[in-house]
Amino acid sequence: MIIRVQRFRRLLLATLVFLCAAGCVRREGRNSDCKWPPERAAGPATTRHFSEDAEFAEDLAIRYSDVHHGLRTPYYLSGEDYASNRDRCMARLFGEIAKQHNVPIERVYGSLGQNRAYIDLAINLPFALLYCLVAAVVARAIWRRYPPAESGWLPGATMILFLSLAFSVAFVMVGDIWARIAETYRVGNGHMSYRADRLLWARHLTALFSAAFATFLLTAAEVARRMLGKDSRLETRSMRPTFKKVERPGRAGLNL
C-alpha cells in the first residue's frame, strides 16, 4: 500500500511538472494594483509569448478587481462594476504589452487563450489513462462474476452497458473537477472566474461523454476477448494426452 501511494505521488508530481512545462502562468511580478511588471528579458514576438503575456495580464486584472471591487470587499457595488473595472484594467495592461512589443493591441487580445493544446493535453491525459485503467479493472471483475461460458453473454453485457453509462457520467463530472483543480494550480489563482469556460470539459462535454462511453465498451470487449483466449488455451492444454516415460530395465534386471 505504501509503495502504491509513493507511485501515485510520483505520478502526481510528474503531472504537475509536465503541466508547468506546458504553460504555467508567471509567478514573479504578481500584484493587485493593475501594474505591468517589467520583464527580465522581452521574449521574441511569437504567438506563444503573446499568449503567455496576455494570460498573465488577465490574471493581474482579476486579482485587481478581486481586491478593489470584489464581493467580499467594502468597495463592492455590483457585478457589473466588478466586471467593468476588471476589463478596464485588462485593457490597460494589454496596451502596455502591445507598446512593449510594438504591435497592435488587437494582436494581444487575439492571442489570449490560444496556447491551449499542450495545456489541455497535460491536464487531461493522466486522467484519461486513469479512466482506461479503472475501466479495464471493472470490466475484468464483471466478466469474472458473469463468465459467458457459464452464464451466457446477456448478464455480463447488461452489466457492462449499465456501468458504461454510469462511469461515463462520473467521467465527465470528476474530469471537470480534475481539470479545474489542475488549472487552478497552473494559473496560481483560486478564483478562476470566466477562465473556466476555456477548459476542455466546458467546450466539448458531449464529445467527452461519448468518448468515455465508447472507451468503456471497447475496453470491456478487449478484456472479454483476452479472457476467452486464455480460457481456450488452458482448455486445449488440459485436453492434450500425457505420456508416461517407461523406464528400461538396467543390467541388473538382465542378469536375473
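What is the handedness of the disulfide of C34 and C89, right-handed or left-handed? I opened the notebook with that, keeping in mind that the model is predicted.

**Entry 1: the disulfide**

I searched the whole structure and found 1 disulfide. C34 and C89 form it, with their sulfur atoms 2.0 Å apart. I noted where the two cysteines sit: C34 is in the loop between helix 1 (2-23) and helix 2, and C89 is in helix 3 (residues 79-101). The two are 55 residues apart, so I wrote down that the pair links distant parts of the chain. A disulfide is a covalent bond between the sulfur atoms of two cysteines.

Then I looked up the torsion about the S-S bond of C34 and C89. The torsion is about 120 degrees, so the disulfide is right-handed. That settles the opening question.

**Entry 2: accessibility of cysteines**

C89, at 3%, counts as buried. I also looked up C132, which counts as partly exposed because its relative accessibility is 34%.

**Entry 3: helix 2**

I turned to helix 2 (residues 47-69), which has 23 residues. At 1.5 Å a residue, helix 2 should span 33 Å. I compared this with its end C-alpha atoms, which are 32 Å apart, and the two values agree. I next asked how many residues of helix 2 are buried. The count is 17 of the 23, so helix 2 is largely enclosed by the rest of the structure.

**Entry 4: aromatic pairs**

I listed the aromatic pairs and the structure holds 9. One of them is F127 with F171, a stacked pair with 5.2 Å centre to centre and 25 degrees between the planes. I placed F127 in helix 5 (residues 117-145) and F171 in helix 7 (residues 153-187), so the pair ties together parts that are 44 residues apart in sequence. Both F127 and F171 are buried.

**Entry 5: charges over rings**

Which residue lies over the face of W36? I found R26 there, at 5.4 Å from the ring centre.

Terms used:
Residues are numbered from 1 along each chain as its sequence is written. This is a predicted model: local features need pLDDT of at least 70, side-chain atom pairs count only at pLDDT 80 or more; totals for chains, interfaces and linings use all residues. Side-chain values use heavy atoms; hydrogens and water are left out. Rings of Phe, Tyr and Trp (its six-membered ring) pair if their centres lie within 6.5 Å; planes under 30 degrees apart count as stacked, over 60 as edge-to-face and the rest as tilted. Helices (H or I, at least four residues) and strands (E, at least two) are DSSP runs, numbered from the N terminus. Buried means under 20% relative accessible area, exposed over 50%, partly exposed in between (1.4 Å probe, protein chains only). A charge sits over a ring if NZ of Lys or CZ of Arg is within 6 Å of the ring centre and within 35 degrees of the ring normal. The expected span of a helix is 1.5 Å times one less than its number of residues. A disulfide is a pair of cysteine sulfur atoms within 2.5 Å.
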